[in-house]
Amino acid sequence: MGNKPSAIESCLISAVGNSKDLIAGQSTIGFQLSHVKPYNLDIPVKPAAVTYPKTSDQVAAIVKCAVDNSLKVQPRCGGHSYANYGIGGSDGAIVVDLKNFQQFSMDKNTWQATIGGGTLLGDVTKRLHDNGNRAMAHGTCPQVGIGGHATIGGLGPSSRLWGSALDHVEEVEVVLANSSVVRASEKQNSDVFWALKGAGASFGIITEFKVRTQAEPEKTTLYSYGIQAGSAQEKATAFKMWQKVISDPDLSRKFASQFIMTELGVIITGTYFGPQSEFDSLNISSRLPNADESVIVLDDWIGVVGHWAEDQALELIGGIQSNFYAKSLAYTTDDLIPDAAIDQLFKYIDDTDKGTPAWFLIWDLAGGAINDIAPDATAYGHRDALFYHQAYAVNLFGRVDDKIRNFLTGLNKIVTDALGHDLGAYAGYVDRALGDDGPSKYWGANLERLQQTKKVVDPGDVFHNPQSVRPAA
C-alpha cells in the first residue's frame, strides 16, 4: 500500500489472511493503471478495491466485508464487459478478480470437466483438448473468461450443434450474498442454479464449473465467401440471399455462419462441422451472389479454434482496450428483415457518416440446439432466437461521440421500425444506453422469476451493476 489503508482495505486484507498482494485499494500505488483495467475506455469506472482471492473462503470473506461496509460486488474473469460491469459499471464497487481460480480436472468415465471460475476460453480449449480430445461450445475470443461467458449465454460456432456454453454447465460452486459457499445444480439449490445460467453476475460468484463435454469433431470445414459487392444494392442482395439460406428450416445444425460487413466490404464466413463432401452437398456457393469461395478442411481442433480467433472483427477488438460503442438485436424466425427494409438498411450504412472507419456489423446464425431447451428452463432469455446482430464502432482518437452513437442507434431503428416491434438484446453485448429497459431486453419473460429469486438469495442487491437483476418489490 502506498498510503495508510482505508477501513474497507483493512477489512479486505484481513479477509484474505493479511496477504496485501491480494488486495488493491485506492491507496495502492498504480491502482488505476494496473488493477482496474477497463475494457471500454469510454466508460470510466473507479472501484473501491480490486481483490485477487485464491480460495472460495476468501471470496466469501471479501463479500462479507463488502456487505459490512454497504458496498456492491462484481466478479471479474476475462474483464470483457462492454460497459465495464466486471469492475462494477459505476464507481465504488468491490471487484473480485478470479484469475487465481485455474483448477482443472477431467472425469474420463463421464467426460465431465471441472473448470476454475477464472479460466479464459483459450485455456479452456487447450485443457479440454489435452485431456481426452474433448470440447465444449463457446465463443471465438480466447481472452474472454468462462465466468461471465457461461453465465450470460456463451454463443459460438458450435452452439447450433451442442448448445450455448451455459447449456454445458451441470454444476457450480458459488459464493452467495450471505457469504455462504454452496454447490448448485438441478438437484441442489436449483433456483440459484437456474438464475446463474443466464444472469450469473446478479446472483453470486462462481469459483468452479462442472461441464458436459463433447468429442472433438474429426473433420471441420472452414469456409468464407468474399462478396463482390460495391453498391449498397449489391450488398443488400447478398444479405437477402444469406438470410434465405440461414432461415431454411432444414438447414444442417453442423452449419454455422456469419455475415460480416466492415469499411472494407462484405464477407460471409463460418464453419461446417464435418467433411468437405458434406459441406459441398449444401451448395452454399450457388445460393450466394458473385462469391469468391475459400474452403479449408482441418482435422486439428486446436487449429480450428485458432482460425476462429483470426476473425476480422476479433482482429479489430479482441482483448484490446478502446473507446467503443456497441448495440445488438436478437431475431426470431418471425423477425426476418423484409426486402424493402434490407434495401433501406444498406443504403443507410453506405450513406451515413459513421464518425469512424473502425466499425463492423455482424449477423450471426444461432438456433439449432440452443432452441431445443424450453424458454423457462434456464434464465437465458433468447431460446427462440434464430440469429443476432452486433454493431460495433471504435473511436481511434478519443471518446465516442454522438455521430458514432447515432449511426448504430439509427441502424437498429430501421430494423425495429420495419418489423413493427422491439427486439431483444444479448446480455453478452451489454448496452448501457438501454438503461432500465436493459434487463427486459436481456432476459425477456424470465425477468420476473429472476427478480423473485433475487429477493430470496440477494435481497440487499449485493451483486449489482447498472443493469443487473433487482430484487422484486
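Modeller: Start at Gly 132, which has a positive phi of about 110 degrees just after helix 4. Helices here are DSSP runs of H or I with at least four residues, strands are runs of E with at least two, and both are numbered from the N terminus. The model is predicted, so local features need pLDDT of at least 70 and side-chain atom pairs pLDDT 80 or more, while totals for chains, interfaces and linings use all residues. Residues count from 1 along each chain as its sequence is written, and side-chain values use heavy atoms, without hydrogens or water.

Now helix 4 itself, residues 121–130. Its buried residues are Leu 121, Val 124, Thr 125 and Leu 128. Because these span an arc of only 95 degrees around the axis, they sit on the same side of helix 4. The arc is taken from the directions between the helix axis and the C-beta atoms. Buried means under 20% relative accessible area; exposed is over 50%, and partly exposed lies in between (1.4 Å probe, protein chains only). An α-helix has 3.6 residues a turn, so residues three or four places apart point the same way.

What do they pack against? The buried residues of helix 4 meet strand 5 (104–107), strand 6 (112–116) and strand 7 (134–135). They also pack against helix 5 (146–152) and helix 11 (301–308). Contact here means heavy atoms within 4.5 Å.

The record gives some context. An unreviewed UniProt entry annotates residues 43–216 as "domain: FAD-binding PCMH-type". Such annotations may be inferred rather than shown by experiment. Over residues 43–216 the chain is 28% helix and 25% strand. The end C-alpha atoms of that stretch are 39 Å apart.

Next, strand 4, residues 94–97. Both of its faces are covered. Ile 94 and Val 96 are buried on one side, Val 95 and Asp 97 on the other. Strand 2 (residues 49–51) pairs with strand 4 in the parallel sense over three bridges; pairing requires at least two DSSP bridges. Val 50 has Val 95 as its bridge partner. Strand 3 (residues 73–76) is also parallel to strand 4, over four bridges. There Pro 75 stands opposite Val 96.

The largest nonpolar core holds 93 residues, and Ile 94, Val 172, Val 174 and Leu 450 have the most contacts inside it. Such a core is a set of buried Ala, Val, Leu, Ile, Met, Phe, Trp, Tyr and Cys residues joined through side-chain atoms within 4.5 Å. Apart from it lies another core of 48 residues, including Tyr 225 and Ile 342.

Back to Val 172. Beyond four places in sequence, Val 172 touches residues including Val 182, Arg 183 and Glu 208. Val 182 lies in strand 9 (residues 181–185). Val 182 counts as buried because its relative accessible area is 19%. Glu 208 belongs to strand 10 (residues 205–212). At 14% relative accessibility, Glu 208 is buried too. The side chain of Glu 208 makes a polar contact with that of Arg 183, at 3.2 Å. A polar contact is an N or O pair within 3.5 Å; within protein one atom must be able to donate a hydrogen and the other to accept it, and residues adjacent in sequence count only if both atoms are side-chain atoms. Beyond four places in sequence, Glu 208 also contacts Thr 114 and Ile 115, among others.
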